[in-house]
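Colleague: Please take a close look at one part of this model, the place where two chains meet. I would like one connected account.

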2 protein chains.
Amino acid sequence: MTPAQTLEPLLTWTGERLERGIRIEVDAHGRIEAVGRAPGAARADGASAPAGPLARHALLPGFVDAHSHAFQRGLRGVGEVFPEGAGSFWTWRQGMYALVEQMTPERMFDLASSTFRELRAAGVTSLGEFHYLHHADAEQLDFAFDEALLAAARAVGLRLVLLETYYQTGGIGKPLEPAQRRFATPDPATYWAQMERLERLLDPATQSLGAVVHSVRAAPPEALAALHAEARARDLVFHMHLEEQRVEIEDCLAAYGCTPLELVLKHCAVDAAFTAVHATHSRPQDLERLLERGAGVCLCPTTEANLGDGIADVPAMLAHGERVSIGSDSNARIDFLEELRWMELVQRLARERRGVCSDAVGDVGRRLLDAGTRAGARALGLDVGRIEPGAWADFVAIDTGAPALAGCTDETLLAATLLGADGRVVAGTCVGGAWSGLDGGAA
Amino acid sequence: MTPAQTLEPLLTWTGERLERGIRIEVDAHGRIEAVGRAPGAARADGASAPAGPLARHALLPGFVDAHSHAFQRGLRGVGEVFPEGAGSFWTWRQGMYALVEQMTPERMFDLASSTFRELRAAGVTSLGEFHYLHHADAEQLDFAFDEALLAAARAVGLRLVLLETYYQTGGIGKPLEPAQRRFATPDPATYWAQMERLERLLDPATQSLGAVVHSVRAAPPEALAALHAEARARDLVFHMHLEEQRVEIEDCLAAYGCTPLELVLKHCAVDAAFTAVHATHSRPQDLERLLERGAGVCLCPTTEANLGDGIADVPAMLAHGERVSIGSDSNARIDFLEELRWMELVQRLARERRGVCSDAVGDVGRRLLDAGTRAGARALGLDVGRIEPGAWADFVAIDTGAPALAGCTDETLLAATLLGADGRVVAGTCVGGAWSGLDGGAA
């Protein structure tokens with residue numbers, strides 16, 4: 001419980017634009033109670049500057065980071081020398097597995113808390129942690145790292161969706177490699193037993209669960225089908241790595257005679273609760289079928305670039321509306337504004353035109369903000385991403401006085417923030433009414 | 001003149017690696033006098049932590065930004081709505097011309113000083129300002145904005161190479177458009193008269209001149225040939241926008257029967273003092289001929305992405321060694337670490353492999369740092385970009401205690417800084433012995 005509070009930012013995101021003279025009431029449970037005109041702003045110009053802690057701030061919905069592996073933050077700067085001339089996703093994975101083998105619950109807690117702190121300072125208020133590194137002792141299947149993550153999120157005050165990940169095989173039809181044994185869930189029954197245990201450990205106001213099969217590499221189709229069906233019966237969102245690397249598609253074609261997306265569409269009743277992470281190399285017809293079912297795609301711009309994944313067909317995804325969410329993935333770089341910006345900039349480079357990720361009225365800023373808020377909320381099944389009564393009081397306060405925003409008008413501020421700034425413009429964040437960085441609700 | 005000073009950073013860039021236990025002597029003229037082992041560091045482990053203001057800092061050569069249009073900072077966040085569905089470089093240029101028409105000397109000074117301050121805070125100590133917006137009164141050819149730039153750089157303490165730009169025609173064989181009249185230099189004689197006037201206005205310790213023809217659009221071949229020959233006779237570096245957009249190549253082929261690079265190679269004795277800015281769409285054979293002459297290329301990663309230019313053949317450029325410098329160009333985004341990182345990341349996305357911009361031993365961090373220091377120094381004809389006796393004492397101090405660098409070792413710090421951090425890790429910079437942000441030489 002936090003005290004009820006009244007927020008009067010200089011500018012507030014209405015879902016359409018930044019507006020002056022809006023007052024927001026937050027209740028003691030951390031939800032938005034009311035959004036309306038501030039009394040002093042009844043004048044036609046609407047331009048009276050508020051007093052108080054948000055007097056020079058633009059209030060946006062807190063950013064929703066829909067895909068993270070917090071522990072991979074430990075690889076920042078590691079493996080950036082390529083003596084044989086070229087590196088790949090697969091050589092990078094060897095380095096990641098080396099980190100996995102050294103992991104302890106204490107190190108997981110430390111890595112996760114520092115990652116979560118960096119994310120929150122970058123404006124992220126909700127995180128989907130795609131969590132596959134479970135065991136301190138692979139023999140015992142102890143799931144000790146699951147609890148470390150929940151504790152780290154509570155310590156930082158970050159809203160967490162623990163996307164508990166099922167990992168049974170070390171490749172299609174292959175046993176687990178030694179490092180992968182720390183990821184192991186041997187069967188769906190063990191998975192659901194752990195999910196029920198986790199359910200009892202959650203902070204109900206800020207933590208929830210989602211179901212995940214790591215990839216087509218990590219589970220046979222029967223397990224995938226059973227897990228997806230049960231997840232939907234329990235009303236859980238379902239995420240899966242899909243088609244990030246060409247080799248994954250080739251291996252799947254060789255083993256099953258179909259692409260990973262085709263396999264998923266064949267075995268799962270895919271719906272709007274499904275998120276395909278990456279879909280970098282998806283065939284147009286597969287992607288189209290996925291999107292027609294209402295599913296979303298989570299892009300991870302800085303990680304996909306760092307790993308040399310390739311360039312996805314984002315216009316095809318956006319043709320279906322608000323379907324693209326954003327993840328910080330490996331956390332090799334943490335700045336959510338950089339993630340959002342490069343969703344658009346990579347497309348501009350590849351297509352040699354501007355305004356690729358723009359919405360119905362051609363607005364790039366609005367489209368990118370939606371990807372980082374509403375689409376993420378949808379992917380994680382959270383009632384966040386909008387400043388409206390009933391939603392959680394999750395906000396990011398942008399300092400309009402920051403050097404990177406000097407010279408902006410109310411009309412250019414959002415695009416300047418998304419395309420021209422970084423976490424330095426984030427003055428503070430609020431998760432369920434609890435502020436960090438500044439006390440936006442102070443009298 | 002600044003007081004002579006002794007620097008003892010935790011880590012110092014030697015040109016090869018970050019090393020502990022190095023002491024740097026800076027003379028009162030702002031040049032490096034000596035670089036050697038710190039007495040306390042004679043122990044074999046070399047790991048004794050220094051005291052003093054750089055006790056937790058890694059000292060790198062100050063970053064060299066080889067291509068900027070400072071006034072375009074005024075466009076940040078502008079023109080990011082595309083109601084007709086798609087924007088281009090050319091529609092962006094209309095917005096830039098609208099800013100040009102409103103320009104006054106005061107506004108140029110204000111825009112340039114805030115741009116220069118942002119750049120310096122991002123670790124940039126030397127800037128190549130590709131300056132084509134000259135006149136407050138286009139009738140008078142007053143070159144009033146040239147002086148505003150020199151004054152702004154002096155106010156911020158940024159080392160400036162004023163890349164004075166020749167702009168005669170509004171397109172191949174076309175008169176100037178109204179906005180372009182503020183760029184005008186009618187003939188080479190007027191240009192050299194202004195260069196001589198500027199020479200007398202420079203601060204000799206921190207300011208110098210370079211010669212520029214804006215593009216093949218802006219000058220007939222005879223003027224290009226004459227200006228380049230005279231520039232080299234005066235030992236000035238020579239820069240030119242080249243082949244950023246496909247239309248420029250098509251127009252040049254239509255008018256002259258050759259590409260812009262062919263035109264330059266035909267009319268100019270290109271040498272190592274030549275920098276082609278962008279070369280995004282250059283034909284392999286043209287690029288090869290340019291590089292064989294010793295010339296360099298300046299890439300502008302965030303601007304080329306923002307404008308949807310396309311993806312250059314960076315491996316072909318790097319095959320000739322340290323030839324790629326980096327510019328912040330439009331300054332729509334200012335963070336030099338983001339520029340450096342995306343030089344590599346864009347290539348990874350396009351080529352679907354990692355380690356594209358790596359040096360002889362496969363080191364990405366070293367290659368990117370060289371692009372942002374030594375290659376920039378070469379492009380601007382400056383004795384900076386290295387921490388060695390005789391060079392200017394231009395440094396950037398990286399705070400190894402910054403959250404983005406938590407967990408780094410001496411070996412991973414450089415790659416983590418370049419691939420995983422932003423200007424927040426820049427604790428201070430030094431230009432010719434004068435510090436900003438922290439006083440690295442304090443006793």
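**Where chain B meets chain A**

Modeller: The side chains of Arg424(A) and Asp335(B) form a salt bridge, with N and O 3.1 Å apart. A salt bridge here is a side-chain nitrogen of Lys or Arg within 4 Å of a carboxyl oxygen of Asp or Glu. The count between chain B and chain A is twelve salt bridges.

This is a predicted model, in which local features need pLDDT of at least 70 and side-chain atom pairs count only at pLDDT 80 or more, while totals for chains, interfaces and linings use all residues. Residues are numbered from 1 along each chain as its sequence is written, chains are lettered from A and ligands numbered from 1 in the order in which they are written, and side-chain values use heavy atoms, with hydrogens and water left out.

Polar contacts between chain B and chain A come to 30 residue pairs, both residues at pLDDT 80 or more. Such a contact is a pair of N or O atoms within 3.5 Å; within protein, one must be able to donate a hydrogen and the other to accept it, and residues adjacent in sequence count only if both atoms are side-chain atoms.

On the side of chain B that touches chain A, at least two residues each come from α1 (89–101), α9 (301–306), α11 (336–351), α12 (364–372) and α14 (413–420) of chain B. Helices (H or I, at least four residues) and strands (E, at least two) are DSSP runs, numbered from the N terminus. With seven residues, α11(B) supplies the largest share of that side. The residues there divide into 26 nonpolar, 17 polar and 18 charged. In this division Ala, Val, Leu, Ile, Met, Phe, Trp, Tyr, Cys and Pro count as nonpolar, Asp, Glu, Lys and Arg as charged, and the others, Gly among them, as polar.

As for extent, 61 residues of chain B are in contact (heavy atoms within 4.5 Å) with 60 residues of chain A. The area buried between chain B and chain A is about 4,700 Å², and carbon and sulfur atoms give 52% of it. Buried area is the accessible area (1.4 Å probe) that two parts lose on being put together, summed over both.
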